[in-house]
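Please look over the sequence and the three-dimensional structure below before reading on. The report that follows takes up a few parts of the fold in turn.

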Amino acid sequence: MGVDLRQVVAGILTLAMFVMLGNMIKRDHFDSVEEKFPGSGRDTLENAKISKESLSKKNSGPWKDDGQELKPCWSKPSADDVEQTEGYVLFSLTNGPEYHVSQIADAVVVARYLGATLVLPDIRGTKPGDERNFEEIYDVEKFISSLDGVVRVAKERPGKLSTRNIAAVKVPNRVTEDYIVEHVEPIYRSKGNIRLATYFPSVNMKRIERKSSSDSVACLAMFGTLELQPEINEVVDSMVERLRTLSRKSNGQFVAVDLRVEILEQNGCQGGDESGTKSCYNAQEVALFLRKVGFGKGTTIYLTESKWDSSLDALKDIFPKTYIKDGIIPADKKSKFLDSEGSEFEKIIDYYVCSQSDVFVPAISGLFYANVAGKRIASSKTQILVPTDISDSSASASNFITHYVSKKNHLAYSCLC
């Protein structure tokens with residue numbers, strides 16, 4: 001039987017085409033792996049393996065998942081437990097959101113004890129004339145509904161009130177029933193209405209073992225009444241989402257650092273206290289701390305400083321992905337929230353971004369640190385690292401978790417369990 005030469009040639013060509021096609025498929029497959037794991041064209045699988053290990057190492061760091069979810073330990077008190085009176089309690093929110101939380105709690109506790117109506121507060125900044133309505137920052141309906149059945153709330157100051165029938169009263173933060181009985185109630189009974197102002201003997205937010213019937217009211221006021229109004233909430237959410245997008249190499253995780261240059265330049269920040277513990281840390285010290293506890297160069301960092309200062313360059317040199325509000329806020333919101341006369345919006349943004357970050361580092365001690373810690377504990381975001389000078393080349397981040405969490409001694413743990 002003869003062999004047709006043309007059939008042989010056709011068979012060889014067909015076989016060659018299948019071989020070429022197979023090689024093309026394999027090359028396309030490994031090219032796609034190379035795109036994900038860059039390397040030379042040779043030994044692609046080995047390069048892919050190395051790149052995976054490198055990527056895993058790059059993503060590693062002292063990140064931790066959120067802690068166990070906590071729920072309110074308090075039961076909502078009933079209005080039937082208190083004799084209702086005809087007077088009013090007025091007050092203002094001042095000095096920023098870290099103070100607002102405590103001022104709200106004290107005002108609600110006092111109004112509840114007196115059986116008085118609480119008048120919705122205005123909000124006053126640190127600069128003269130920097131005044132805002134409550135609804136410009138917080139959700140009014142959420143505030144009123146959360147206190148329904150606990151304290152009556154008036155949206156506006158009644159016209160019948162004047163300076164002649166309102167007495168000014170100061171109360172210490174975390175006011176007690178004993179203090180109200182001795183120093184507030186007699187004035188209220190005499191005058192009929194009071195304007196309350198909270199002063200802060202200390203910024204300590206540690207829990208205390210002493211129990212009081214007003215504890216549930218204070219807990220509700222601190223952790224169940226304040227929410228941002230929708231527009232500001234959307235701005236904060238968009239900024240947090242922007243930071244997570246910039247943090248793709250670390251699974252969307254980022255660090256928020258409360259670091260404000262004007263505070264660092266004050267005399268109280270120049271040295272440590274009598275125990276040798278510093279009350280604040282500058283940009284270079286924070287950068288070295290973060291590096292030594294294991295954060296990599298690609299870590300995304302948010303700073304509470306409003307305007308970039310040359311002293312922050314030391315931090316950006318080590319962590320290039322360091323941002324302030326100006327670099328991540330939506331462009332169409334910048335003029336309203338950053339370029340306005342008052343700084344109240346900026347403080348609000350800082351407070352809520354620091355409350356939502358994966359890690360919070362308070363470079364400055366104070367009430368901002370204490371109340372951000374409380375809000376984070378309430379949302380189970382307990383990775384709060386307190387900086388210090390580390391003499392070794394490296395250290396475990398778990399050694400620097402705030403005592404508020406490690407010892408569970410924050411007031412929040414009295415309210416949430």
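## The sheet and its strands

In this predicted model, strands S8 and S11 pair in the parallel sense over four bridges, where pairing requires that DSSP finds at least two bridges between two strands. Strands (E, at least two residues) and helices (H or I, at least four) are DSSP runs, numbered from the N terminus.

## A buried residue in a loop

Ile384 is found in the loop between helix H14 (367-378) and helix H15 (403-406), and at 0% relative accessibility it counts as buried. Leaving aside residues up to four places away in sequence, Ile384 touches several residues, including Phe360 and Pro362, as well as Tyr369, Phe400 and Val405, where contact means heavy atoms within 4.5 Å. Ile384 and Ser357 are 27 residues apart in sequence, and their C-alpha atoms are 9.8 Å apart in space.

## Helix H13

Helix H13 covers residues 344-356, and its 13 residues reach 19 Å from the first C-alpha to the last, close to the 18 Å expected at 1.5 Å a residue; the expected span is 1.5 Å times one less than the number of residues. Among the buried residues are Glu344, Phe345, Glu346, Tyr351 and Tyr352.

## Two positive phi angles

Most residues other than glycine have a negative phi, and most peptide bonds are trans. Asn251, however, has a positive phi near 60°; it is found in the loop between helix H7 (230-246) and S8, and it is exposed, with a relative accessible area of 59%. Lys408, which is not a glycine either, has a positive phi of about 50° and is found in the loop between H15 and helix H16 (412-415).

## The chain as a whole

The secondary structure of the chain comes to 16 helices and 11 strands, and 45% of its 417 residues count as buried. Among contacts between residues at least 6 apart in sequence, 74% join residues at least 24 apart.

## How to read the values

Residues are numbered from 1 along each chain as its sequence is written, and side-chain values use heavy atoms, with hydrogens and water left out. Because the model is predicted, local features need pLDDT of at least 70 and side-chain atom pairs count only at pLDDT 80 or more, whereas totals for chains, interfaces and linings use all residues.

Notes:
Buried means under 20% relative accessible area, exposed over 50%, partly exposed in between (1.4 Å probe, protein chains only).
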